[in-house]
Amino acid sequence: MPALINRLLRVAPGELPKLAPFALLGFLLQMGLGIGFSAGDAAFLARAGADNLALIFMMTPAVMLLYTGVFSYLLVRYSLDRVVDATIGLLVVGGLLSYMVLGMALPPAWEMPVYFGLKLYLAMWYIALYSLFWNYTDAYFNIQDGKRLFPLLAAATAFGTTCGGLIVSELAGSVSLRGFFLIWSGIGVVTLPVAILLRRRWTRIADSDVDEGDGSVAHQVGQVATTFRTSRYTLVLTLVLFVTLLLTNLAEFQYSTVFQQGRSEAELASLLGKLYAAANIFNVFVCLFLFNRLVGRIGVRNVALIMPLSYFAAFGFLFVTGSFEGALAAFFVYHGVLTSIEYNNQNMLFNAVPSATKRPVRTIVEGMAEPLASFIAGGFLLLAADRMDMRELSGIGVILGVVLLLIVILLRQLYPAAMARNMQAMLLGFGQRAARPTPADPEAAPASTDALLNRLRSPDRAERERAMALLRAGRDIEAVPQILSSAAWLGPRERHAIEHLIADWGDTAIPRLVADLGNPDQHPISRALAARTLAKLSLPLFTSRLDTLVRGELDRAQPRFALAEALEALPAPSRATRTLARFHRQQVGTATDFAIELLAIGGRLPDFDLLVVSLHSKNAKVRANAIEAIENGVDRSTFLMLKELIDGRPAASSGKAPLLDLLDARLASTNPIELVATAQAIRDIAPPAELGPRLRKALRPGIGRTARNTIATLLELDGAPDHTLVDRIDAIAAIPEFAPATIEVHTRLAMILHEDKPGADAIPVAMPDSRLLWLPRSEVIDFARRYADLALSMYRATDGRTYAA
């Protein structure tokens with residue numbers, strides 16, 4: 001049953017204990033608000049009338065200006081946790097004061113100001129509690145988790161509002177108005193320990209890979225001003241919220257005018273309680289079962305289109321009919337679609353606002369821009385409501401619905417680029433770094449024995465540069481495949497030079513580039529170089545092959561999961577099975593990175609280096625933002641394939657096949673690392689009688705000297721070396737200085753091991769038989785200059801601090 005519930009709600013195992021306290025917090029906050037709103041709105045409409053809503057709309061910004069100023073200052077001056085505690089405390093005190101004031105025998109002249117104050121008090125908490133809860137919750141979840149889990153939290157808040165509305169509806173005849181505010185105060189008392197226990201149990205997630213300084217209030221205000229000046233997306237998002245609130249205020253005025261006609265205070269309280277309950281039952285259903293699937297299917301930026309279309313339809317219906325049913329439609333768009341779909345989606349849209357100012361920007365937008373919309377709507381209604389009938393006001397709603405739709409379409413176009421810029425800012429310097437190198441074939445040599453091409457693999461940098469200069473002068477188009485193969489031995493700067501070298505040769509290089517790009521046996525670094533060069537020479541040709549290339553790469557990567565999992569499940573892993581499992585895991589990462597690079601070259605994704613570094617970040621928010629950028633840049637089926645590889649959770653695998661059969665199939669690999677590790681793994685787990693027939697399948701022409709020597713050692717043939725390549729790789733991986741590096745790096749280092757100590761600073765490597773082999777430090781340093789993976793691994797070994805990427 002728990003597994004069924006998890007699948008139904010799209011909750012991963014172990015997430016419910018974290019989700020439950022947040023859901024309870026949202027439930028309690030919204031139940032109190034639902035009680036206050038149902039009772040307070042009924043009292044205002046009965047005592048002051050819907051005609052005075054225009055004045056309320058105009059006065060709301062003044063109240064929110066005071067609240068937003070105080071709230072923004074507290075967010076900067078104190079921690080978010082302390083602000084939450086203070087807010088809940090104010091709810092308790094406010095409920096008690098409301099109970100006391102409404103029970104006083106006030107003069108008739110004071111009655112109207114009291115109910116105006118009550119309505120403004122409710123309007124403040126409607127915006128403030130929503131902003132507070134989602135600001136607080138956002139600090140504990142990243143965007144990818146949020147897309148699954150925030151709808152469930154929204155369902156909990158909707159259920160809270162439902163319960164609040166039902167309480168008022170059922171007790172309206174027996175409990176006084178002020179009694180409901182006393183109940184609200186009591187709920188606040190219960191809410192405070194929930195918030196305290198929640199933060200003691202769970203840790204907030206940083207918004208970036210760099211610690212956020214506290215900063216002064218002036219500094220924060222300056223950053224917010226800079227955000228509005230430099231981020232077009234933030235301005236358009238603010239405009240979306242502004243126009244949405246104009247429509248919301250107009251809708252509230254329209255349905256309130258219809259609902260108040262012919263009803264007493266108690267009847268209004270009962271009607272509104274039932275309507276709030278019904279709308280939030282709808283919200284619970286949408287949040288639990290529809291919203292996350294909707295976002296997963298069509299994406300955040302397409303879901304944003306639902307709100308303008310809904311308001312357009314509701315005002316159109318009210319324009320045509322002018323009926324009670326039309327008012328109901330406006331009510332349900334406001335309290336249903338807006339709450340369950342639009343507000344949830346806004347939580348996702350705010351992730352594209354620059355992370356350094358996201359919370360203060362959100363506070364200002366929700367606390368000032370939205371009340372400003374209320375002021376404008378109120379001013380308009382105050383002037384025009386007496387001169388226009390319901391049909392004319394509804395016509396204005398239809399026009400505003402079209403305007404909102406156009407603005408959302410613009411926001412939809414800006415969203416992917418805004419996510420990419422935000423992700424880059426979150427990573428700071430990491431975003432400028434080259435992506436992690438991919439595993440290489442240590443024996444990938446040019447097809448010719450041509451000395452010039454071999455010099456590209458020289459450990460002497462000056463020698464490599466002279467070789468490139470001669471290649472540039474020679475303009476030998478036939479050497480393009482060999483040049484691309486040699487690129488796997490070069491550093492990023494030299495690969496960039498080769499890219500320009502081949503591009504300068506013009507269209508005659510295109511056939512060789514196409515052949516190498518489509519060859520899965522070619523090294524991914526070489527294929528990526530071919531892709532970039534081909535895109536420079538003929539972008540239409542590259543894009544015409546892009547989908548096939550990406551799908552092929554992802555299809556080839558998926559079966560590696562099954563083999564890696566089967567090897568990791570062995571009760572007694574050996575050096576070979578451990579190395580081979582790690583190799584296949586890294587190959588999956590290589591294929592994923594390469595597919596993302598192809599999509600970035602094709603213009604479907606933003607900066608590749610930034611995306612890959614983000615995906616490898618230990619910061620959950622940075623990683624989730626990268627996944628979000630990918631989701632918005634590729635088609636649905638490609639994203640699902642990529643997501644499985646990124647998460648390491650394939651939807652289906654061929655893991656039911658016997659392990660030895662899976663290994664036998666891999667003996668045909670053209671990658672020497674995979675070939676020798678597979679052969680040694682078979683030696684470790686196959687019955688002795690089967691060993692010879694199985695391994696002899698790997699002895700075929702062209703496998704390379706190292707692979708042939710390894711198989712000879714495994715078969716215990718005369719004259720075979722004492723140690724296999726796998727033994728050397730495993731020994732190097734055991735050295736802390738090199739352990740975090742990839743198997744490609746370990747293999748490169750294994751190829752330069754010496755039996756005799758080559759210098760005083762040589763690095764000792766202990767082999768399985770306790771013998772020592774040696775790594776020349778000078779050559780290790782040369783490799784580190786060419787492989788950022790090795791350089792970072794060596795640097796971390798000397799630095800005790802932790803790094804996110």
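Cys163 is buried, with a relative accessible area of 17% (buried denotes under 20% relative accessible area, with a 1.4 Å probe and protein chains only). The model is predicted, with local features requiring pLDDT of at least 70 and side-chain atom pairs counted only at pLDDT 80 or more, whereas totals for chains, interfaces and linings use all residues. Residues are numbered from 1 along each chain as its sequence is written, and side-chain values use heavy atoms, leaving out hydrogens and water.

Cys287 is likewise buried, at a relative accessible area of 0%. Its sulfur lies 14 Å from the closest cysteine sulfur, that of Cys163, and therefore too far for a bond. The structure holds zero disulfides (pairs of cysteine sulfur atoms within 2.5 Å).

The largest nonpolar core comprises 142 residues, and Trp125, Tyr233, Phe259 and Tyr311 have the most contacts inside it. Such a core is a set of buried Ala, Val, Leu, Ile, Met, Phe, Trp, Tyr and Cys residues joined through side-chain atoms within 4.5 Å. Helix α5 (residues 108-138) supplies the largest share of this core, 17 residues; helices are DSSP runs (H or I) of at least four residues, numbered from the N terminus. Apart from this core lies another of 57 residues, including Ile498, Ala509, Leu513 and Phe594.

Eleven of the 14 residues of α29 are buried, among them Pro672, Glu674 and Gln680.

Definitions and conventions:
Buried < 20%, exposed > 50% of the residue type's maximum accessible area, 1.4 Å probe, protein only. Helix = DSSP H or I, 4+ residues; strand = E, 2+ residues; numbered from the N terminus.
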